[in-house]
Amino acid sequence: VVYIPTGANYAVVRDSLSPLLKDMDAFDAVAQKKNYVGNVKAGKYILKKNMNNNDLVNVLRSQNQPVKVIFNNQERLEDLAGRIASQIEADSITLLETMKDEQYLAENDFTARNGLAMYIPNQYEFFWNTSAKEFRSRMQKEYNKFWTQEKLDKAKEIGLTPMQVSVLASIVQKETAKVEERPKVAGVYMNRFNKGMKLEADPTVIYAIKDKTQAFDTIIKRVLYKDLTLDSPYNTYMYTNLPPGPIFMPDISSINAVLNYEKHDYIFFVADVENFGYHKFAKTLREHNQNKQAYVNWVNKQGIKR
């Protein structure tokens with residue numbers, strides 16, 4: 001595999017090919033004859049053993065190979081930019097600047113706080129030499145394609161905008177890694193939302209701490225009572241409104257879990273220490289406090305302070 005960067009001239013191509021070819025002069029002659037010397041094209045090219053010079057030039061002229069770009073589980077645009085930069089030519093700084101372009105965000109009804117929602121995690125095909133702006137444009141098209149009329153109608157039916165769905169989905173995903181449990185967790189938050197209650201979601205407090213301190217690499221396993229008083233738009237213990245943007249990149253299963261949330265009467269839930277990864281749900285505060293005490297006892301026994 002040979003990668004030819006954007007703006008490269010024939011000298012750059014020569015440097016890339018010289019360790020691979022038996023006779024560089026013979027290749028030069030064919031490249032000159034086929035007018036490739038002054039017509040170098042950026043991209044990813046696959047060269048096979050025993051190819052003749054004519055085939056090599058033909059590949060380099062017209063067979064730019066796509067690459068598979070995969071991303072998910074990103075917390076911020078900064079993280080996403082780094083992830084994408086490891087897969088295409090565009091560097092992370094240019095990608096981040098492009099993703100945070102205020103004019104572009106405003107023109108497309110996004111903000112720096114919620115711009116992460118535009119990037120639907122999946123597997124996509126791109127040419128390796130895709131620019132940052134081309135990547136962003138493609139992702140916006142994929143976002144618009146994802147939000148079909150059916151999904152828009154479902155969001156409207158449950159009283160949320162697509163952005164609110166993405167924000168709530170990010171909370172649901174942070175609450176449970178079990179895909180099958182996400183509609184149930186989403187149902188709890190929708191019950192609170194519809195009753196005008198505060199969401200009181202621990203993952204939003206953790207994000208608020210990281211956002212306030214800009215220490216996003218910090219691992220926080222336990223939310224303390226003092227954390228609940230942190231004045232941040234992400235703190236759903238302090239503010240009734242949804243956070244201003246996703247606290248995590250919600251995957252498609254989480255978005256669908258919100259759009260198709262489970263209808264039930266549960267208002268509370270807490271980690272189930274007898275069935276790790278899952279939660280115990282409760283309809284009353286009294287029942288919830290019993291479940292919560294079991295969890296607190298387990299956390300204390302583990303010696304988890306933070």
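Predicted model: local features only at pLDDT ≥ 70, side-chain atom pairs only at ≥ 80, totals over all residues.

User: OK, what secondary structure does the protein chain have?
Analyst: The protein chain has 13 helices and 6 strands, where helices (H or I, at least four residues) and strands (E, at least two) are DSSP runs numbered from the N terminus.

User: And how does its radius of gyration sit against a compact globule? What about the box?
Analyst: The radius of gyration of the protein chain is 25 Å, whereas a compact globule of 306 residues would be near 19 Å; the value is taken over C-alpha atoms, and the globule rule is 2.2 Å times the number of residues to the power 0.38. Along the principal axes, the C-alpha atoms fill a box of roughly 85 × 45 × 35 Å.

User: How much of the protein chain is buried?
Analyst: Of the 306 residues, 43% count as buried, meaning under 20% relative accessible area, with exposed over 50% and partly exposed in between (1.4 Å probe, protein chains only).

User: Which residues touch the most other members in the largest nonpolar core?
Analyst: They are Phe71, Leu80, Tyr119, Phe135, Leu168, Tyr189 and Val258, in a core of 59 residues, a nonpolar core being a set of buried Ala, Val, Leu, Ile, Met, Phe, Trp, Tyr and Cys residues joined through side-chain atoms within 4.5 Å. Helix H9 (residues 162–175) gives the most to this core, with 7 residues. Apart from it lies another core of 16 residues, including Ile4 and Phe27.

User: What does H12 pack against?
Analyst: The buried residues of helix H12 (residues 252–259), among them Ile255 and Val258, pack against helix H7 (132–146), helix H8 (149–157), H9 and helix H10 (182–194), with contact meaning heavy atoms within 4.5 Å.

User: Switching topic, is Glu75 buried or exposed?
Analyst: Glu75 has a relative accessible area of 13%, so it counts as buried, and it lies in the loop between strand S3 (66–71) and helix H4 (77–85).

User: Which residues does Glu75 touch?
Analyst: Leaving aside residues up to four places away in sequence, Glu75 touches Leu116, Tyr207, Lys210, Phe216, Ile247 and Phe248.

Key:
Residues numbered from 1 in each chain as written. Heavy atoms only, no water.
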